[in-house]
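This report describes selected strands, helices, loops and annotated positions of one protein model. Please consult the sequence and the structure alongside the text.

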Amino acid sequence: MNVSDATFDLLEAEFNAPSVRNPSAALPNRQWAEDAAAKQRAGVPPFPPGVVAARPAFDTKKMRELLDMNNFELRDSLYELFKNPVFVPRYNETLDEERARTIQRWRLIAKTGVFHEALRIFTVKGRQRYEATLESVGAIDHSLDIKMGVHYGLFGGTVSLMGDDDQGARWMPKIESCEMLGCFSMTELGHGSNVKGIQTTAVYDIPSRTFVVNTPCEEAQKYWIGGAFQSARWTALFAQLYVKGVCHGVHPFLVRIRNEDGTPVKGVTMGDCGAKSGLNGVDNGRIWFSNLHVPLDHLLRRHSQVSVDGNFTCNFKSSDERFGASLASLSGGRVSVAAGSLIQAKLGLTIAIRYGLSRKAFGPPGEEETRLMDYPGYQTRLIPPLATTFVMQLVLNHLKSKWQRRELGRELHVWSSGFKALISWHALSTLQETREACGGQGYKAENRIAPLKSTHDVALTYEGDNHILLQTVTKAVLPEFVRGFKNDGNFEGHFSYLNDREALRRVDLSTTDPRSAMYALTVMRRREAALFARLAAEIQKKIAAGMSSLQAFNHSAVLVEDAGRAHVDLLMLQLFHQTLSDLKSRGETELVNILTLCGALHTARLIDSQVIFLRNGALSAKDAQNVHSNVQIFCMQLRPHVLHLVDSFGYPPHLLAPIAFDYVSHNSRSRL
Ligand SMILES: Cc1cc2nc3c(=O)[nH]c(=O)nc-3n(C[C@H](O)[C@H](O)[C@H](O)COP(=O)(O)OP(=O)(O)OC[C@H]3O[C@@H](n4cnc5c(N)ncnc54)[C@H](O)[C@@H]3O)c2cc1C
C-alpha cells in the first residue's frame, strides 16, 4: 500500500481523543441519506418532495464530465468511502476531537493508495489523480483536504519544485508515503502578505557545513503553519539566506522540526495557534528557531546553490527574478484554493436549490402556497451564482490544465492569483446567499451550508490575501499596457485588441446579442482599457510630481485593484467563450445552449452589479437598463433547468443535507 503505518500509528496515539475511536457511537441521524439512497437503488431519482422534473435539456453525465474533467471513477469511489461512519460530518466537537478525527480520516484516504507515485512521477495523470482526490475530500471535510494539501501540495510541492532532481528523488517517495510528514513555514507574525520582509535567518557556517537558523525577534516567529503544532516532523522553511555576511533574500530549506516520536528537535520550540472560526481539524502552529543547524544539502537548490566553501550561485540574474520564479512554482496552492472554493459553492447551491424547489411560502388565498424557486426575487438570488459557478468552473479547468502541464510562466502566476481571488470571493458570497435562502434551516449545522461558510472564509486570506493578489495581477500586466502605449499605440499580446480602438468603440450593444462573446468581450475590454489608461496616467502624474514608481503604484491602490479585477473578469470570459466554441466544434449543442445561457447571466449580473462599467463608459445608461432586465429574463430561462444543473455537480445524497431531500420526514416526531 506504500503508506507509512508507523507514522499514522504514532499520530493516532498523539492525537488522542477517546471519543473518536468509536466512530459509530452517537452517529447523527442519517435516515434521510439512507432513504434517498434506497430511492436511487430502486431507480427513482431522489428529487425533493413534490418536484416532478422534466427530461433534462442536456446530458447531466456529460456536463459532469466537462466540469470534473477526469478521474470520475476515482471520485465516485471516494464518495462511496465517505459512507464509512468515520466520515460522517460531526459538529460541535472539541478541538482535540476534530484534530484526531482528521488524522483518522487521512489514514483511510492514504490507505487507498491514491497518492502512490502521484507526486513523485511528474506526469499530468499523477497530478490529476492527486487533485481529483483533494477535490473529492473537500466535499466531505474541508479541514482534511487542507491538512493533506499542506503536506502533499505545499510541503511536497516545495521540495519537488524548489529542490533539484536529486533532492526530489531522495525525499518525494517518503513524502508520498507520509514517512516524512511535513508543513510549510512561510508566514511570520510580523509578515504575511509581504513575504520578502520575513525575518527568520539562515546563516551559512563554513566549518560545520550547516545553515544556522534563528528567529531573531518575536515578530519573526512562524505563524499559522498548518500541521506544525502536532503532526509535522519536517517543514519547508523560508528564511533570509546569508552567505559570507551577504543577504541573498528569501530561500527554502528542508528542516526537521520534530523527532519521530513527536518531541521537538533541539533548537525548535512550537506552540498552538488555538481555535479558529473554521478548519479546526488542522493543527495550525507557531515555530521559533534557536541556533538550529540545518545540513548544507537541505537548501532546496533548484534556483540557488551554496558550495561547501561558501560560494553562492543563482540561476537568475536578479533576486527579484529568482523570487518570482519561486512564487510561480507555488501557484499550485492557489489553484487548489480556487478548486476547493468552487466545491463549497457547488455544495451550498445544490442544497439550497433543492430546498428552494420543495419549500413553499405564501400564495394566493385558498390555494396551494408557492414554491420559493418560483418567486422571481428568489430566482435572482440563487440562479446568478449558479450560472457564475458554471462559468468559473470551466475557466478554472483551463488554469488546472496549465498547472498540471507545469507551464510555470508569468501567465500561470497571473491566472492563479486572479482566479483564486475572484473565485474565493464568489464562493463566500454564494454561501452567504444560499445560507439565507434556506432561512432558519440554513443556519442548522446538519444542513452543512453554515459550517461550509465558516470553513471556506479563510480562503480569501491564505495562499495570498485576495486584495494583494489583485495588486499582483495589475503589477504583472501594467508593463505590457505601458509598452504598447509608448510604442505609438501599437499593442501586443493581451492588449492587441486596442490596435483597432475604433472597432471597439463602434460596437452597438443595443443591437448585439447579449448572450454572445462579442457582447461580453466588448463591455469587458472597454472597462479594462479605460482603467489601465487611467492608471498609467495617474502613475505617470505621481512620478512627475516626485514619487518613486513604487510609491506612485501604492498611492494608486484603488485604481490598481479595479484594473486587476477588470483584467481577470475579461480573462475569465475569454476562456469561457473559448470553451464554448470548443464544445460547438465538437457538436455538443445541448451543452452549448445551456452554458451560453449561464455565460449570459454571469455577464449580465456582473455588469449590473458594478457602477464601474458605466463610470468608465463601457456601456450607455440605456444599455445598462437592458442589462438589468436581462438578469431577470435569463434567470427565468434557466429556472426550469436548475435541478439538473445542480445534479450535474455529481454529489450523492450522503454528501448533501436533510433539507435537500424530505426535510419533513427527517424532522418527524418518530425520528426523535
Ligand atoms: C487558517 C490559516 C492557515 C494558514 N496556513 C499557513 C501555512 O500553512 N503556512 C504559511 O506559511 N502561512 C499560512 N497562513 C498564513 C496566510 O498565508 C497569511 O495569513 C496571509 O498571507 C495574509 O498574511 P497576514 O495574515 O499577515 O495579513 P497581512 O499581510 O497583515 O494583511 C492584513 C490586511 O492588510 C491588507 N494589506 C496588506 N498589505 C497591503 C497593501 N500593501 N495595500 C493594501 N492593503 C494591504 C490585506 O489586504 C489584509 O486585508 C495561514 C493563515 C490562516 C489564517
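## Strand E3 and its partners

Phenylalanine 211 stands opposite valine 294 in strand E9. E9 spans residues 292–295 and pairs with E3 in the antiparallel sense over four bridges; two strands count as paired if DSSP finds at least two bridges between them. Strands (E, at least two residues) and helices (H or I, at least four) are DSSP runs, numbered from the N terminus. The model is a predicted one, in which local features need pLDDT of at least 70 and side-chain atom pairs count only at pLDDT 80 or more, whereas totals for chains, interfaces and linings use all residues. Residues are numbered from 1 along each chain as its sequence is written.

E3 (residues 210–214) also pairs with strand E2 (residues 201–205), in the antiparallel sense and over five bridges. In this pairing alanine 202 is placed opposite valine 213. Four residues separate E2 and E3 in the hairpin that they form, and arginine 209 in the turn has a positive phi of about 50°. A residue is buried if 20 or more other C-beta atoms lie within 10 Å of its own, exposed if 12 or fewer, and partly exposed in between, with C-beta atoms placed from the backbone.

## The sheet E4-E8-E7

Three strands, in the order E4-E8-E7, form an open sheet with antiparallel pairing. Strand E4 (222–226) and strand E7 (268–272) are at the edges with a single partner strand each, so one side of each has no neighbour in the sheet. From one strand to the next, the twist averages 35°. E4 and strand E8 (residues 284–289) run antiparallel and are joined by three bridges, with glycine 226 opposite asparagine 284.

Methionine 186 belongs to the loop between strand E1 (182–185) and E2. This methionine 186 is buried, having 23 other C-beta atoms within 10 Å.

Serine 548, in the loop between helix H16 (517–544) and helix H17 (549–554), is exposed, with 10 other C-beta atoms within 10 Å. Glutamate 463 lies in the loop between helix H13 (449–456) and helix H14 (466–486) and is buried, with 24 other C-beta atoms within 10 Å.

## Annotations from UniProt

In the unreviewed UniProt entry, the annotation "active site" covers Glu463. The annotation "domain: Acyl-CoA oxidase C-terminal", also from an unreviewed entry, covers residues 522–656. UniProt positions are given in the numbering used here, feature names are shortened, and annotations may be inferred rather than shown by experiment. The span of residues 522–656 is 79% helix and 0% strand, and its end C-alpha atoms lie 39 Å apart.

## Packing of H10 and H12

Helix H10 (residues 331–358) packs against helix H12 (residues 410–437) at an angle of about 25°, with the axes 8 Å apart. The two helices are therefore roughly parallel to each other, a term for angles under 35 degrees. By class, their contact has 14 nonpolar, 12 polar and two charged residues.

Note on methods. Axes fitted to C-alpha atoms, helices over the stretch in contact; angles between N-to-C directions. Parallel < 35°, antiparallel > 145°, perpendicular 65-115°, else oblique. Nonpolar A, V, L, I, M, F, W, Y, C, P; charged D, E, K, R; others polar.
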